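Morning, everyone. Please have a look at the structure on the screen.

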Amino acid sequence: MFLKYLKWRRTFIPNGSISESEIPNELAQKKVFLQGHDKEGRPVEVVFGAKHFPNKAKGGPEEFKRFVVYVLEKLCSRMPGDQEKFTAIADVQGWGYSNCDIRAYLGQLSILQDCYPERLGKLYLVHVPVIFMTAWKIISPFIDSNTRNKIVFVDDKKLTSTLLEAIDESQLPEIYGGKLQLVPIQDS
């Protein structure tokens, strides 16, 4: 598995990192933010699903994959020396048909599971609309059980209290009852 990863890394990231100039269309959507750390010291990312629009005409699926690696590399670089995982909050409020991109989601899962195994500590899905559950039924069988067990669907009525169990108020974004302003990933 490690040799496969090294081969992938040499071909997909030959310069050692993904530059922002390689992913301008994805960055322009301002859909991923890096926040503080959770109570276990893991970096926290916030993703807004309704800000993702399939990028068929411009950079296409290849740019999205490069964006996923860019995000994961940024997360890994923010991990303290004793930490190997990150926490994510996926806010899918307003997510609808125009945001649905099953191929991109499966590509993202493949990169996460195959090239960054065991990096996901916890994924909180918040503000989940009913339509999202249709896509979830298509995607979830492709998620290995270990990863699926790290995913928490958060009830809107318990949103702040659930997130505060894992993330200190000083590290939680203001929009979820914390004290931090959102910082776009390219500005972090």
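Some ground rules. This is a predicted model, where local features need pLDDT of at least 70, side-chain atom pairs count only at pLDDT 80 or more, and totals for chains, interfaces and linings use all residues. Residues are numbered from 1 along each chain as its sequence is written, and side-chain values use heavy atoms, with hydrogens and water left out.

Now Lys-31. It sits in the loop between helix H2 (24-28) and strand E1 (32-37). Helices (H or I, at least four residues) and strands (E, at least two) are DSSP runs, numbered from the N terminus.

Is Lys-31 buried or exposed? Buried, because its relative accessibility is 3%; the cut-off is under 20% relative accessible area, with a 1.4 Å probe and protein chains only.

What does its side chain meet? There is a polar contact with the side chain of Glu-26 at 2.3 Å, and another with the side chain of His-52 at 2.7 Å. A polar contact is a pair of N or O atoms within 3.5 Å; within protein, one must be able to donate a hydrogen and the other to accept it, and residues adjacent in sequence count only if both atoms are side-chain atoms.

Next, the sheet. It is open, with five strands in the order E1-E2-E3-E4-E5 and mixed pairing. Strands pair if DSSP finds at least two bridges between them. E1 and E5 (151-153) are the edge strands, each pairing on one side only. E1 and E2 (residues 43-48) run antiparallel, joined by four bridges. Phe-33 has Val-46 in E2 as its bridge partner.

Definitions and conventions
Buried < 20%, exposed > 50% of the residue type's maximum accessible area, 1.4 Å probe, protein only.
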